[in-house]
Structure formats: structure tokens, C-alpha cells
Amino acid sequence: MITISIVLAIVAAIRWKHRTQAQRFTRWWFGAAALWIAWAFLYFEWNAIEHCSRPPALVANRPIVCIGDSLTDGMRPDRGYPDQLKAMVSVPVVNCGFSGISTSQGLGQMERVLGHDPQVVIIELGGHDFLKGYSRQSTKANLLKMIRQCRDHGAEVVLMEIPRGFIFDPYASLEREIAYQEDLELVPDTWLRQIVIMGPASLPGLWMPESRLSDDGIHSNPKGSFSIAKHVLRALHRMYGDKILAAKE
């Protein structure tokens with residue numbers, strides 16, 4: 001999109017002075033229409049990448065297993081989003097989160113994860129790879145190994161997208177790239193951006209303390225864990241339909 005904009009601007013600047021007013025007006029509308037079409041294509045493609053094309057069948061006695069770092073494990077006494085997710089879905093939920101782990105350490109936990117015989121594994125890992133200076137390439141390789149082990153076991157995978165920088169992110173779109181490559185359901189990074197924005201370190205959270213989703217600016221409090229669970233539930237609902245929803249009392 002940046003390239004298209006620059007090219008159109010250069011062409012317009014070079015040819016502007018050589019055109020009549022009517023020609024300038026026509027070309028302006030042509031350029032604007034081209035940009036809108038390109039943006040529309042980008043929007044639909046961006047959203048399409050988030051969704052798995054295969055509709056899996058729900059198995060009532062196979063659990064959802066969540067593996068991740070402290071954003072999954074939770075900060076005591078809060079037990080993280082998996083604890084909140086349990087009340088939202090019709091199948092068991094197992095929390096295999098460990099605070100501070102990277103993707104390589106998560107890979108070492110796969111035997112334990114798959115020991116629960118999951119029908120879907122939710123992976124939230126990679127933030128600590130960035131903090132520890134690991135390469136994007138090694139992080140991607142570890143995530144792919146985890147995904148393929150899950151599939152070899154007959155489990156679907158939901159990947160949680162992690163923003164590692166609001167301005168500069170060397171891991172940008174890593175999870176989106178993997179989701180496209182492996183045809184996975186993706187939880188967009190909105191879940192974590194909301195936690196940060198509605199924390200005490202950001203202005204919205206500073207102005208609205210009753211609405212805070214975090215007490216330290218990064219880890220969810222119970223309200224935040226509920227919000228994350230709702231984001232995860234949307235992804236599961238897209239995959240399994242209404243059958244995944246817990247029965248209303």
C-alpha cells in the first residue's frame with residue numbers, strides 16, 4: 001500500500017502541470033478510486049487470513065488446552081483467561097501456561113500438553129522470545145514444530161497474535177504469516193492491545209480506573225482475563241459454531 005501511494009504521488013506530481021483542469025480532476029478521481037480498491041482488497045485479505053478454512057467437528061470429551069506464558073498462566077490470584085473460558089464453552093479447558101517461557105520452552109512442554117488429548121490447542125507464545133533477543137526465524141520454527149505436533153496428534157490449533165511493539169516490531173505479522181501458511185484460526189492482537197491501553201500506564205486506563213483490564217500495564221486482571229477469554233471464544237465459535245458455547249442456565 002505504501003508503494004502504491006508513493007508511485008501514484010510521483011506520477012501525479014510529474015504529470016500534473018502538463019494537464020488541463022478537467023484532466024487533472026479525472027486523474028485525481030482515478031487515483032483515489034485505485035487506492036480505495038487496493039485498501040478494500042487489503043482489508044478483506046487481512047481478515048480472511050484470520051480464519052481456518054476447515055470446519056472441525058466438536059468432540060464433547062476432548063478438552064481445549066491452552067499453552068502460553070504469564071498472559072495465559074495468569075497473575076495470582078487470577079488464573080488467567082483459561083479459567084474464565086471454562087464457563088463459556090461446552091468442553092473442558094486445561095491451563096498449561098507457564099510464566100516467562102519462550103517458544104523453545106513451550107516446545108519442551110508439548111508432551112504434557114498432548115497428554116491431555118486435546119481437540120484444540122491455543123498457543124500464546126513468542127513475547128518472551130522477543131524480550132530475550134531470540135530471532136524471528138527461530139521463533140517461527142518453534143511455533144511451526146508445535147503446530148505440526150498438535151496436528152499429528154489430531155488436534156486443531158488456534159494461534160494468538162502478539163504485538164511486541166506499538167511503533168517498531170521486528171516480529172510484525174509473524175503469527176498472521178503462520179496462520180496463512182498453515183491455515184489456522186488466529187486471535188487478532190486486539191486482545192493484548194486492549195489490555196495495555198486499558199491499564200494504568202496508558203491514558204484511557206488512567207482516566208477510567210473502573211474499566212482497567214490490567215493492574216500493571218501488561219498482565220490482565222480478572223476483568224482483563226474475561227476480555228481475553230471473549231476474544232478466544234470468538235475464534236472457537238467461528239470454528240465450531242454454537243456447539244462450542246456453554247449451555248445457558
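Is D183 buried, exposed or partly exposed? At 22% relative accessibility, D183 counts as partly exposed, where buried means under 20% relative accessible area, exposed over 50%, and partly exposed in between, with a 1.4 Å probe and protein chains only.

Before that, the conventions. This is a predicted model, in which local features need pLDDT of at least 70 and side-chain atom pairs count only at pLDDT 80 or more, while totals for chains, interfaces and linings use all residues. Residues are numbered from 1 along each chain as its sequence is written, and side-chain values use heavy atoms, with hydrogens and water left out.

I begin with the strands. Helices (H or I, at least four residues) and strands (E, at least two) are DSSP runs, numbered from the N terminus. Two strands are taken to pair if DSSP finds at least two bridges between them. Strand β1, residues 64–68, runs parallel to β3 and is joined to it by five bridges; G68 stands opposite E124 of β3. Strand β3, residues 120–124, is in turn joined to β4 by four bridges, again in parallel, and the partner of V120 in β4 is E156. Finally, β4 pairs with strand β5, residues 185–187, in the parallel sense over three bridges, with M160 opposite V187 in β5.

How are the residues of β3 and β4 placed? Five of the five residues of β3 are buried, and the strand is mostly covered. From β3, V120, I122 and E124 point one way and V121 and I123 the other, and all are buried. As for β4, five of its five residues are buried, so this strand is largely enclosed by the rest of the structure. Its E156, V158 and M160 point one way and V157 and L159 the other way.

S173 has a positive phi of about 65° although it is not a glycine. This serine is placed in the loop between β4 and α9, and at 32% relative accessibility it counts as partly exposed. D183, with which I opened, has a phi near 55°, also a positive value in a residue other than glycine. D183 lies in the loop between α9 and β5.

Next, aromatic contacts. Rings of Phe, Tyr and Trp (for Trp, its six-membered ring) pair if their centres lie within 6.5 Å; planes under 30 degrees apart count as stacked, over 60 as edge-to-face, and the rest as tilted. A search of the whole structure finds one aromatic pair. F130 and Y171 form this pair, which is edge-to-face, with 5.8 Å centre to centre and 80° between the planes. Because F130 lies in helix α7 and Y171 in the loop between β4 (156–160) and α9 (174–182), the pair ties together parts that are 41 residues apart in sequence. F130 is partly exposed, with a relative accessible area of 28%, whereas Y171 is buried at 3%.

The search uses a 1 Å grid over the protein atoms alone; a pocket is an open set of points with protein on both sides within 12 Å along at least five of seven lines, and lining residues have an atom within 4 Å of a point. Grid points are joined across faces, edges and corners, and a volume is the space filled by probe spheres set on the points. How much space lies in the second largest pocket? The value is about 300 Å³. The pocket is lined by 16 residues, of which L71, G127, L131, L192 and I218 lie nearest its centre. At least two lining residues come from each of α3 (70–73), α7 (127–131) and α10 (190–197), and α7 gives the most, with four. The lining divides into nine nonpolar, five polar and two charged residues. In this count, Ala, Val, Leu, Ile, Met, Phe, Trp, Tyr, Cys and Pro are nonpolar, Asp, Glu, Lys and Arg are charged, and the others, Gly among them, are polar.

Turning to cysteines, how many disulfides does a search of the whole structure find? It finds zero, a disulfide being a pair of cysteine sulfur atoms within 2.5 Å. C52 is buried at a relative accessible area of 14%, and C150 is buried at 0%.

A87 is exposed, with a relative accessible area of 63%. The C-alpha atoms of A87 and A247 are separated by 9.4 Å, although the two residues are 160 apart along the chain.

Technical notes: On a 1 Å grid over the protein atoms alone, a cavity is a set of points where a 1.4 Å probe fits but cannot get out, and a pocket is an open set with protein on both sides within 12 Å along at least five of seven lines; lining residues have an atom within 4 Å of a point.
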